[in-house]
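Reader: I'd like a close look at one part of this model: the place where the ligand sits. Could you walk me through what is around it, and then through the space that holds it?

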Amino acid sequence: MDNCIFCKIIKRQQPAKIVYEDEEVVAIEDIRPQAPVHLLVMPRKHLPSLKEAENSDGPMLGRLFTVAAQLARERQLEARGYRTVINNGPWAGQTVDHLHVHMLGGRVFHWPPG
Ligand code: 5GP
Ligand code: ZN
């Protein structure tokens, strides 16, 4: 997608702190962190949100979460816990229409979320 900020970051056309990448998944630091650790784990493939995902995207979706878990483990977040979130659509607060998992840690999170 030509005007997608995350596609531009993935293609290195826009700067970002990339903390992980492989052939399928890229993870960056959030530009406006909401916790001491706030990473965004996204597929290289442009998919606007979860609602566009098909059954064939299942392995990719799984990898978003296993990469998020690996990055949390590397940052010593496992013992205390961390949060993984996907916002889908306007009422959930999605602002970038390229599917991404937020991985947040380093502080206490409340439930239900605001
Ligand atoms: P959403 O609101 O769609 O669930 O999450 C989008 C996230 O992307 C927000 O937390 C926002 O701070 C982050 N974000 C938006 N633009 C950029 C950017 O250009 N670079 C980085 N690193 N993060 C961004
Ligand atoms: Zn995109």
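Author: Around ligand 1 in this predicted model there are 16 residues, and the closest of them are Glu-29, Asp-30, Asn-87, Thr-95 and His-102. Sorted by class, that shell comes out as seven nonpolar, six polar and three charged residues.

Now for the polar contacts. On the backbone side, Ile-31 has an N or O atom 3.2 Å from a nitrogen atom of ligand 1. Val-96 also uses a backbone N or O atom, and this one lies 3.0 Å from an oxygen atom of the ligand. His-100 brings in its side chain instead: a polar atom there is 2.9 Å from an oxygen atom of ligand 1. As for cover, ligand 1 on its own would expose 530 Å², and the protein buries 84% of that.

Which elements give two or more residues to this shell? They are helix H1, running over 5-10, and strand S2, over 25-29. H1 makes the largest contribution to the shell, with three residues.

Let's step back to the space itself. Rolling a probe the size of a water molecule over the atoms shows where empty space is left. Ligand 1 turns out to sit in the largest pocket, and the volume of that pocket is about 900 Å³. Its lining takes in 34 residues, with Asp-30, Gln-34, His-38, Leu-40 and His-102 nearest the centre.

By class, the lining of the largest pocket has 16 nonpolar, 12 polar and six charged residues.

While you have the model open, there are two backbone details to look at. Most residues other than glycine have a negative phi, and most peptide bonds are trans. Arg-12 isn't a glycine, yet its phi is positive, at about 65°. You'll find Arg-12 in the loop that links H1 to strand S1 (18-21). The other detail is the peptide bond from Trp-111 to Pro-112, which is cis, with omega near 0°.

Technical notes. Residues numbered from 1 in each chain as written. Chains lettered and ligands numbered in written order. Predicted model: local features only at pLDDT ≥ 70, side-chain atom pairs only at ≥ 80, totals over all residues. Heavy atoms only, no water. Near = heavy atom within 4 Å. Polar contact = N/O pair within 3.5 Å; in protein donor to acceptor, adjacent residues only side chain to side chain. Areas by Shrake-Rupley, 256 points an atom, 1.4 Å probe, with all protein chains shown as cover. 1 Å grid on protein atoms, 1.4 Å probe; cavity = no way out; pocket = protein on both sides within 12 Å on 5 of 7 lines; lining within 4 Å. Sits in = over half its atoms within 2 Å of the grid points. Helix = DSSP H or I, 4+ residues; strand = E, 2+ residues; numbered from the N terminus. Nonpolar A, V, L, I, M, F, W, Y, C, P; charged D, E, K, R; others polar. Points joined across faces, edges and corners; volume = space filled by probe spheres on them.
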